[in-house]
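This report goes through one protein model, residue by residue where that helps. Please look over the sequence and the structure before reading on.

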Amino acid sequence: VKKFAVVYLVDITEVPDFNTMYELYDPCTTMFFFRNKHIMVDLGTGNNNKINWAVEDQQEMIDLIEVVFRGARKGKGLVVSLKDYSTKYRISKNRVLGVCIYVQEQHVSWLTDVLLQEILQAIKPKLHDKIIECKQETRTASVFTNRAFQVAYYIDKASRSSQVLLQEPIVKDEDTQINEDDSQFSYSALYATLNALILVPEPFDPNNTVALPEMLNINIE
């Protein structure tokens, strides 16, 4: 990519000037700029501002950089990724995990869609162990914290399973001609598991842990 992109590695502890503006607190974040303008990428996750996970596949990263470059060169401030990364929040390709969120009234406006996606991304690697705990009926709530939020989470049994019909936009190459009769969306069925992820998120408070509602009847490990 050296012919059309320059990659900079920034330690946000040494250069904290933009941490608040761009909400930089994840272990790994990738952002794109073109002629001093921030270029957003629709990844399907709800957060168009940045990629807050490590893209492990080299070709995927090359594709992302090329899509951003081609779109930014045409004056676009938002480009669409060739890959839909919303599947990162599924248990598998066709199975999803239901989520129940308990949030205090004063924090409702604080919990934005973007922040929720970041919470899910942060705790996803830990969910396998919590699912095992649920099967063994040894449930306890774990707590994840960073400089933006703290969240208690655990897996509980769901009362029933359900199905969801997912509508996704069809991403086509920008050189492809689109006919008016062509469908702009694809549809696929998703099946909910018999488990549910319970979340109790709060703004980060270094002096207090997460306050679990008594109705949950569960302890923090």
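Leaving aside its neighbours within four places in sequence, which residues is Lys50 in contact with? They are Tyr22, Glu23, Leu24, Asp26, Thr29, Thr30, Met31, Leu43 and Glu118. The model described here is a predicted one.

## Lys50 and its surroundings

Lys50 sits in the loop between S2 and H1. Its relative accessible area is 5%, so Lys50 counts as buried. Two oxygen partners can be named for its side chain. The backbone oxygen of Tyr22 is reached at 3.0 Å, and a polar contact of 3.5 Å joins the side chain of Lys50 to that of Glu118. Lys50 also lies over the face of Tyr25, 5.3 Å from the ring centre.

The contact with Glu118 is a salt bridge as well, with an N to O distance of 3.5 Å. This pair links distant parts of the chain: Lys50 is in the loop between strand S2 (37-42) and helix H1 (58-73), Glu118 is in helix H2 (residues 113-123), and the two are 68 residues apart. Is Glu118 buried or exposed? Glu118 counts as buried, because its relative accessibility is 1% and the cut-off for buried is under 20%.

## Helix H2

Helix H2 is largely enclosed by the rest of the structure, because 9 of its 11 residues are buried. The buried residues are Leu115, Leu116, Gln117, Glu118, Ile119, Leu120, Gln121, Ala122 and Ile123.

At the start of H2, a side-chain oxygen of Thr112 comes to within 3.1 Å of the backbone nitrogen of Leu115.

## Other salt bridges

How many salt bridges does a search of the whole structure find? The search finds 5.

Glu133 and Lys130 meet through their side chains at 3.0 Å, N to O. The two are separated by about one helical turn, because they are 3 residues apart in helix H3 (residues 127-135). An α-helix has 3.6 residues a turn, so residues three or four places apart point the same way. Glu133 counts as buried at 19% relative accessibility, and Lys130 counts as buried at 4%.

Arg139 and Asp156 form another salt bridge, with a distance of 3.8 Å from N to O. Arg139 lies in the loop between H3 and strand S5 (142-145) and Asp156 in strand S6 (residues 149-157), so this pair ties together parts that are 17 residues apart in sequence. Arg139 is partly exposed, with a relative accessible area of 33%, and Asp156 also counts as partly exposed, at 25%.

## Glu60 in helix H1

Glu60 belongs to helix H1 and is partly exposed, with a relative accessible area of 22%. Which residues does Glu60 contact, leaving aside its neighbours within four places in sequence? These are Val55, Lys83 and Tyr85.

## Aromatic rings and cysteines

The structure holds 5 aromatic pairs. Ring pairs join Phe4, Phe34 and Phe69 into a cluster.

The count of disulfides is 0. Among the cysteines, Cys100 is partly exposed at 34% relative accessibility, whereas Cys134 is buried, with a relative accessible area of 3%.

## Residues with positive phi

Most residues other than glycine have a negative phi, and most peptide bonds are trans. Glu23 has a positive phi, near 50°. Glu23 is found in the segment before strand S1 (32-34) and is partly exposed, with a relative accessible area of 41%. Glu23 is also one of the residues in contact with Lys50.

Glu137 likewise has a positive phi, near 55°. Its place is the loop between H3 and S5. With a relative accessible area of 61%, Glu137 is exposed, because the cut-off for exposed is over 50%.

Conventions. Residues numbered from 1 in each chain as written. Predicted model: local features only at pLDDT ≥ 70, side-chain atom pairs only at ≥ 80, totals over all residues. Heavy atoms only, no water. Salt bridge = Lys/Arg side-chain N within 4 Å of Asp/Glu carboxyl O. Helix = DSSP H or I, 4+ residues; strand = E, 2+ residues; numbered from the N terminus. Buried < 20%, exposed > 50% of the residue type's maximum accessible area, 1.4 Å probe, protein only. Phe/Tyr/Trp six-rings, centres within 6.5 Å; stacked < 30°, edge-to-face > 60°. Lys NZ or Arg CZ within 6 Å of the ring centre and 35° of its normal. Contact = heavy atoms within 4.5 Å. Polar contact = N/O pair within 3.5 Å; in protein donor to acceptor, adjacent residues only side chain to side chain. Disulfide = S-S within 2.5 Å.
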